[in-house]
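Hi everyone, thanks for coming. Have a look at the model on the screen, and then I'll walk you through a few parts of it.

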Amino acid sequence: MRAVIIERPGSFRVDEVSEPQAGPGELLLQVGACGICGTDLHILAGEFPLARYPSIPGHEFAGSVLTVGEGVLGFREGDRVGVNPSVFCGICRFCRYGRANLCERGGGFGTSKPGAFAERVSVLAVNAYHLPDSLSFSEAAVIEPVSCAVHGMHRLAPRIGESVLIYGAGTMGLILAQLARFYGARLVALVDTNPARLERARTFGFDVLGAGYDDLRELAPLGFENVIEATGVTRVAEIAFQAVMRGGTLLLFGVCPPGEQARFEPFRIYNQEINVIGSMAVFNSYGPALEIIAAGGVDARRMVTHTFGLDAFAEALDTMRGGQGLKVQVLPG
Ligand SMILES: [Zn+2]
Ligand SMILES: [Zn+2]
């Protein structure tokens, strides 16, 4: 079959590779759609510690079952499924104490195991979820990024009627904003320095703000109860802290470069009882994300702006790097 192969950091090609098999407990899938995300760029650049080379990337995917491995219950040939790509060891302290996304040996399909920028991929059946007929493979490949955002919202746990401010109006910012509205926020606003992104966020019905601090104070003089950093820029994390209302929470959702330091005023955290929390990947949130999309809480179709065939992977990457659209997907079929 054909697949994208990253031979070593910095170089990839689309080529023939050996066919994956459905081992015991596994499903062999025909890949319908697979989204590109920032993690794929990190794997390509050699900046993702879990990656094993040569690597077949692609962790945001959906497809149909071709072969059902020995001992698998609940799936049949032809079933349409979405896949939670995260794989946990099940035996470290964090897995055993209900915090499996913090697993000491965590990995996944498209990171530590072969992924879905390929015609076919084999996955653990326990990671596969049946799709309703109403969801296309392309929409279902958006479940994974939504599931990261759902875990973020589980961590943030805003209350009905609160305000939510999101730094970063890219794909993840817009997904988080839709979830915040679905949660019953009274005010959802996004901050970005890119006017085109702000304009697009406006068409989704959200309040938008430039990077300036003054228009923010106009919209919410006391600050926001919930502030989400979704750019992965350390300096933005510092700025986002300033926008938190007394007693409010800052969620660090974006992936800031490891090792960088941010400056917060400890007095304010003490005196104003500010919470600063993080959210890491997917945890008990893939099923909820699927159901939220099926219920219309996130418009998955609108999140996909570009699709390419497998052989146009280079072009797909350039489009993703260009930052013009939202989700860029590869449709290997
Ligand atoms: Zn991703
Ligand atoms: Zn573990």
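Okay, let's start with one bridge: Leu190 has Val208 in β12 as its bridge partner. It belongs to a set of three bridges joining strand β11, residues 187–191, to β12, and the two run parallel. Strands count as paired if DSSP finds at least two bridges between them. Helices (H or I, at least four residues) and strands (E, at least two) are DSSP runs, numbered from the N terminus.

Before I go on, a word on the ground rules. This is a predicted model, where local features need pLDDT of at least 70 and side-chain atom pairs count only at pLDDT 80 or more, while totals for chains, interfaces and linings use all residues. Residues are numbered from 1 along each chain as its sequence is written, chains are lettered from A and ligands numbered from 1 in the order in which they are written, and side-chain values use heavy atoms, with hydrogens and water left out.

Now zoom out to the sheet. Six strands make an open, parallel sheet, in the order β12-β11-β10-β13-β14-β15. At the edges sit β12 (207–209) and β15 (275–278), each pairing on one side only. On average, neighbouring strands are turned by 20° against each other, direction ignored.

Which strands does helix α5 touch? Helix α5, residues 171–182, packs on the sheet against β10 (163–167), β11 and β13 (224–229), and its direction makes about 170° with that of β11. Helix α6, residues 195–203, packs there too, touching β11 and β12, at about 165° to the direction of β12. Contact here means heavy atoms within 4.5 Å. Angles run from 0 to 180 degrees between N-to-C directions, with axes fitted to C-alpha atoms, for helices over the stretch in contact.

Next, aromatic rings. Rings of Phe, Tyr and Trp (its six-membered ring) pair if their centres lie within 6.5 Å; planes under 30 degrees apart are stacked, over 60 edge-to-face, and the rest tilted. That gives five aromatic pairs. One of them is Phe117 with Phe313, a tilted pair at 4.9 Å centre to centre and 55° between the planes. The pair links distant parts of the chain, 196 residues apart: Phe117 is in the loop between β7 (107–108) and β8 (120–124), and Phe313 is in helix α12, residues 313–322.
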